[in-house]
Amino acid sequence: MDDLLPYIIARKGDRIYIDANVLVYYFYSKYRPYFYQKANDFLLKVQGGKFEGVISCITIMEFIKSLRELFVEYGKIGSMQEVENLVQQFVRDVFSIAHLKFVGGCPADMGPTFRTEELYKAVSSKALQIMQKYPGKIGTSAEAGEPEHEGIHTADAFHVVLAKRLQCNKLATFAWEFKQTASEITPLILIDHDTFW
Amino acid sequence: MALAPLTLFKRKEELEARSTIAQFLPKYATTTSSTFHVFSWYEGRFAEIRFVRTISKPIERLEIDDSESRRMIWQTLFPTEPMPKVEENAVEKYSGLLDKFLPENVPLDKVMQRVKRG
């Protein structure tokens, strides 16, 4: 029956929420060139106006933390000041891309003003519900072969809620975990052969 | 219109046909309620390509005006730095820029998993 699973198609004009891993793979070609190429192709389509890309505070925070981890662990960089200078440069580069919308993640960005505490309650409460509704499963770690939990992370739950509240059509990512929450927001897994975009 | 889902492409063939199919999808997608059938030609054969139910439905939605939030996010992060300007061809310009600062084969997935797990 797997062959009958539906395709996922992103069409021109779709509003697509962007996960941080898309940004990280776009900036680095020397690990998984295929992922890099897909991230690059996707952002080219955003830049070209085919899609409206949405980047939330959560995405930016994950992107910054990933950069810090990468620079400190692998970048042979001597000081945090150097790290932060580079982080700023990379965030600036993302801000330079056309047709990307940067949002705090609330409907206030789109119209009627919500008070901060209302937003907090609404988003965090929904994220809690998502965490409870999609508990994931027991998997096996690739390295140690030991049981490990496979499921959405805290930040992913916020991504899902924000993508929905911002009326996005899809959530672009490389993380297969978002398949679990497909009934909330359709994942556009950029390496999935059953997606067209 | 009731049509049974049918795949005429074998796996390898389907992969080869993928780019052709992609071009046809928007043109040949038809709908009855939320269920879609997609048709395409490949090497002279006409094929119905499974069910597709996740084509976005046109919806009334509010526009995102990020003029405030964009500035708010940037200034929160870098209060003394001027707002970046949108650049033409920025994607091409900055693509793969981390390559200059990192060695080869850095396991991005592991690092990002660590970030996710906190």
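Me: Hi! How many residue pairs are in polar contact between chain A and chain B?
Reply: Hi! In this predicted model, 32 residue pairs are in polar contact between chain A and chain B, with both residues at pLDDT 80 or more.

Me: Which element of chain A gives the largest share of the side that touches chain B?
Reply: That is helix H3 of chain A, residues 57-74, which supplies twelve residues.

Me: And how do the residues on that side of chain A divide by type?
Reply: There are 35 nonpolar, 17 polar and 22 charged residues on the side of chain A that touches chain B.

Me: How much area do chain A and chain B bury between them?
Reply: About 6,800 Å², with 59% of it on carbon and sulfur atoms. On the chain A side, A:Tyr7, A:Tyr28 and A:Phe95 lose the most area to chain B, and together they account for 11% of what that side buries. In residue terms, 74 residues of chain A are in contact with 65 residues of chain B.

Me: Which residue does A:Glu62 form a salt bridge with?
Reply: Its partner is B:Lys116, and the closest N and O atoms are 3.3 Å apart. The pair joins two chains, because A:Glu62 lies in helix H3 of chain A while B:Lys116 lies in helix H4 of chain B, residues 108-117.

Me: Are A:Glu62 and B:Lys116 buried or exposed?
Reply: Both A:Glu62 and B:Lys116 are buried. They also belong to a network of salt bridges that links A:Asp19, A:Glu62, A:Asp156 and B:Lys116.

Me: What about A:Glu69, which residue is its salt-bridge partner?
Reply: A:Glu69 pairs with B:Arg114, the closest N and O atoms being 2.7 Å apart. This pair crosses between chains too, from helix H3 of chain A to helix H4 of chain B. A:Glu69 counts as buried because its relative accessibility is 17%, whereas B:Arg114 is partly exposed at 35%.

Me: Why does A:Asp19 count as buried?
Reply: Because its relative accessible area is 0%, and buried means under 20%.

Me: Which side chains make polar contacts with the side chain of A:Asp19?
Reply: One is A:Asn21, at 3.1 Å. Another is A:Thr173, at 2.8 Å. Leaving aside neighbours within four places in sequence, A:Asp19 is in contact with a set of residues including A:Thr59, A:Glu62, A:His159 and B:Lys116.

Me: Back to helix H3 of chain A. How do its axis and that of helix H6 cross?
Reply: The axes of H3 and H6 (residues 154-165) of chain A come within 9 Å and cross at roughly 150 degrees. From H3 the contact uses A:Ile58, A:Thr59 and A:Glu62, and from H6 it uses A:Ala155, A:Phe158, A:His159 and A:Leu162. By type, those residues divide into four nonpolar, two polar and one charged.

Me: Why does A:Leu162 count as buried?
Reply: Its relative accessibility is 5%, so A:Leu162 counts as buried.

Me: Last one, the overall picture. How many helices and strands does chain A have?
Reply: Chain A has six helices and nine strands. Buried residues make up 56% of its 197 residues. Among contacts in chain A between residues at least 6 apart in sequence, 65% join residues at least 24 apart.

Technical notes: Residues are numbered from 1 along each chain as its sequence is written. Chains are lettered from A and ligands numbered from 1 in the order in which they are written. This is a predicted model: local features need pLDDT of at least 70, side-chain atom pairs count only at pLDDT 80 or more; totals for chains, interfaces and linings use all residues. Side-chain values use heavy atoms; hydrogens and water are left out. Contact means heavy atoms within 4.5 Å. Buried area is the accessible area (1.4 Å probe) that two parts lose on being put together, summed over both. A polar contact is a pair of N or O atoms within 3.5 Å; within protein, one must be able to donate a hydrogen and the other to accept it, and residues adjacent in sequence count only if both atoms are side-chain atoms. Helices (H or I, at least four residues) and strands (E, at least two) are DSSP runs, numbered from the N terminus. Ala, Val, Leu, Ile, Met, Phe, Trp, Tyr, Cys and Pro count as nonpolar, Asp, Glu, Lys and Arg as charged, and the others, Gly among them, as polar. Axes are lines fitted to C-alpha atoms, for helices over the stretch in contact, and angles run from 0 to 180 degrees between N-to-C directions. Buried means under 20% relative accessible area, exposed over 50%, partly exposed in between (1.4 Å probe, protein chains only). A salt bridge is a side-chain nitrogen of Lys or Arg within 4 Å of a carboxyl oxygen of Asp or Glu.
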